[in-house]
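Hi everyone, thanks for coming.

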Amino acid sequence: MQAKRAFAAVVCSLLCAGLAIGPLSGVAGARSTTVKLDDDLFSPERKTVSAGTEVRFKWIGSDRHNVTKKSGPGRSFGSETTADRGVNFAKKFKQRGKYKLICTIHAKDGMKLKLKVN
Ligand SMILES: [Cu+2]
């Protein structure tokens, strides 16, 4: 009787540990990726990500740039216009579809990003 109870306690603690680890490992699935803003283009100019991915926009050039949604699902959005280097804007894309993002200053020079969210 005593041994049976001890065995049950061990099994329970193993199961409980498994349950505690399970949900945490799901959080590790959150993804992010980086798109660069150079002079005067997005790098890369086409990108495909899965829904829920955070896209981080990193300014690496010297010119002033911005990230502005031109078309695609959901509300419009845009970053500030700046020449500061580094990640100045980030957005999580939850809705699937095709997005066209531009830099309003250099769109005429081809500074466009086609982003596909699957
Ligand atoms: Cu620009």
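Let me begin with a term we'll need: two strands count as paired if DSSP finds at least two bridges between them. With that in mind, Thr53 stands opposite Phe93 in S6. And a word of caution before we go on: this is a predicted model.

So, which strands make up the open sheet, and in what order? There are 4 of them, running S2-S1-S4-S6, and the pairing is mixed. Strand S2, residues 41–43, and strand S6, residues 86–93, stand at the edges with a single partner strand each, so one side of each has no neighbour in the sheet. From one strand to the next, the twist averages 25 degrees.

S4 and S6 are antiparallel, with 7 bridges, and one example is Phe57, whose bridge partner in S6 is Phe89. Strand S1, residues 32–38, pairs with S4 in the parallel sense over 6 bridges. There, Leu37 has Trp59 in S4 as its bridge partner.

Let's stay with S4 for a moment. In a regular strand, side chains alternate between the two faces of the sheet. Which residues of S4 are on the covered face, and which on the uncovered one? Thr53, Val55, Phe57 and Trp59 form the covered face, while Glu54, Arg56 and Lys58 are on the uncovered one.

Now to the core. The largest nonpolar core has 15 residues, and Leu37, Leu101, Cys103 and Leu115 have the most contacts inside it. At least two residues of this core come from each of strand S4 (53–59), strand S7 (97–102) and strand S8 (112–117). Let me pick out Leu101: setting aside neighbours within four places in sequence, Leu101 is in contact with Val67, Thr68, Lys69, Lys70, Leu113 and Leu115.

Finally, two peptide bonds to look for as you follow the chain. The bond from Asp39 to Asp40 is cis, with omega near -10 degrees, and Asp40 is found in the loop between S1 and S2. Another cis peptide bond joins Ser43 and Pro44, with omega about 0 degrees. Pro44 lies in the loop between S2 and strand S3, which covers 46–49.

Definitions and conventions:
Residues are numbered from 1 along each chain as its sequence is written. This is a predicted model: local features need pLDDT of at least 70, side-chain atom pairs count only at pLDDT 80 or more; totals for chains, interfaces and linings use all residues. A nonpolar core is a set of buried Ala, Val, Leu, Ile, Met, Phe, Trp, Tyr and Cys residues joined through C-beta atoms within 7 Å. A residue is buried if 20 or more other C-beta atoms lie within 10 Å of its own, exposed if 12 or fewer, and partly exposed in between; C-beta atoms are placed from the backbone. Two residues are in contact if their C-beta atoms, placed from the backbone, lie within 7 Å. Axes are lines fitted to C-alpha atoms, for helices over the stretch in contact, and angles run from 0 to 180 degrees between N-to-C directions.
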